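Work through the exercises below with the model open. Try each task before you read its solution.

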Amino acid sequence: MSHDNYGFTSSTDALDDKRWTSPKNNKNGYDPGQRKPSIYVLELEEKKKSVQANEEDYNPYEHRVVAHPTTSMETLLHLLKGSLGTGILAMPRAFHHSGYGVGLVATIIIGLFCTYCIRILVSSEYELCKRKKVPSLTYPATAEAALAEGPMPLRRLAKSSVHIINLFLMVYQLGTCCVYTVFIATNLQLALKSYISDIDVRLYMLAILLPLILVNWIRSLKLLAPLSTIANFITLASFGIILYYIFREPLSFEDREVIGKVENFPLYFGTVLFALEAIGVIMPLENEMKKPKAFVRTFGVLNIGMGTIVLLYAAIGFFGYIRYGSAIEGSITFSLDEPVILARSVQILLAIAIFFTHPIQCYVAIDIVWNEYLSPHLEKNSHRLLWEYVVRTSLVLLTFLLAVAIPQLDLFISLFGALCLSGLGLAFPAIIQICTFWTVCDNTEKYIMLAKNMSLILFGLLGLIVGTYTSLRDIIKTFS
């Protein structure tokens, strides 16, 4: 007679019903009189428990190998700089579209939505990394892994989800770089118009093209950290001067609308999403941290960074609109008047700050094009590094050409915010969380998760469709 590891007899003796039904031999808690499950079933259950234990033991953070890991402070600076760009300067114009009452409340609500969606995206990535025993996942890889384990109708979309999210990320990041190019050139034009004869803004874009190409040749986020620090200090100093312009005289609420026109609200929505949402740089930043656990702590990088960003955006949008009213332009720096010298200095300083931010925004687009699609096909190519620089240069040239074609800052911001970030920042993270935890939630948890996340998905889709339509309508109207 042979025995297996569970203390049961082998298959030849397993047919003896007396052994199965005897209370004496009932060592595993099965009721007497009932036939015990087969050894195969028991082995499967033990293997399942073993796999679950291994998943719990595996910590993705301990297995990450990063060439140039960033500290929590460096990551926070990157996050702030990735968000505190041209978007915050467009907030007064956004409040003009929404009205200051609606804009103030809606900015805080949208900021909470964005922060929540970033959090569920990062937590879903961590859960999937544990299951697959990999140190980290990109945004597209997280989506693919999640959909592969989600509801059956969504599993067939797992492979294509990678390319869909890569496309959205590409369009968003390159759109941001287009906005930056327009912003830098326009501010330089305004700052230098008193000293240089009136020159078309497109010539200023041409003048900054070579410096933009060179700064985008920097290949490491670690090496970009000093540039990010410089840009942050310049931005903070510039904001101090902008606040001086806003508060130097008593504010008046006369002719300032509490509630804006309904048809213009999508323009506000697109601008705020573009301004607040840093979803494109979130996962690269978190994946390259020295201590990634600090990212999602209660007082970690995410909450401190997003809390600071939301408060600054709401304040600049509210007070900027109250100061300038309907005369506010696409960027508040375009509306600064007397004293002229101080206004010109702010425009030049912010042009420099945004110049240093450009490579951080372009980092994700370069990473997608090069690492995801081109680099695997050039591994044996002796000129591989040269081709990488060609890709970096080509992407900067592409953003330059788009900026030259449509040099309208506020319409650009609203379009790319609504088109890309409604999906990337709201809908896709909600879908990813549903799929990630679909098989591990009980029915009650599943219904709550579905209700919560379906609301986010519908909200994101509505913003995408209506916001994109409104922005394109205004672009066509402007150039027709």
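**Exercise 1.** What length does helix 6 reach from its first C-alpha to its last, and what is expected at 1.5 Å a residue?

This is a predicted model: local features need pLDDT of at least 70, side-chain atom pairs count only at pLDDT 80 or more, and totals for chains, interfaces and linings use all residues. Residues are numbered from 1 along each chain as its sequence is written, and side-chain values use heavy atoms, without hydrogens and water.

Step 1. Find helix 6, residues 100–132, with 33 residues. (A helix is a DSSP run of H or I, at least four residues, numbered from the N terminus.)
Step 2. The expected span is 1.5 Å times one less than the number of residues.
Step 3. Helix 6 reaches 48 Å, close to the expected 48 Å.

**Exercise 2.** Which residue forms a salt bridge with Arg131?

Step 1. Know the rule: a side-chain nitrogen of Lys or Arg lies within 4 Å of a carboxyl oxygen of Asp or Glu.
Step 2. Arg131 pairs with Glu149, at 2.4 Å, N to O.
Step 3. Arg131 is in helix 6, while Glu149 is in the loop between helix 7 and helix 8, 18 residues apart.

**Exercise 3.** Are Glu388 and Arg392 buried or exposed?

Step 1. Buried means under 20% relative accessible area, exposed over 50%, partly exposed in between (1.4 Å probe, protein chains only).
Step 2. Glu388 has 7%, so Glu388 is buried.
Step 3. Arg392 has 4%, so Arg392 is buried.
Step 4. Their side chains meet in a salt bridge at 3.3 Å, N to O.

How values were computed:
Helix = DSSP H or I, 4+ residues; strand = E, 2+ residues; numbered from the N terminus.
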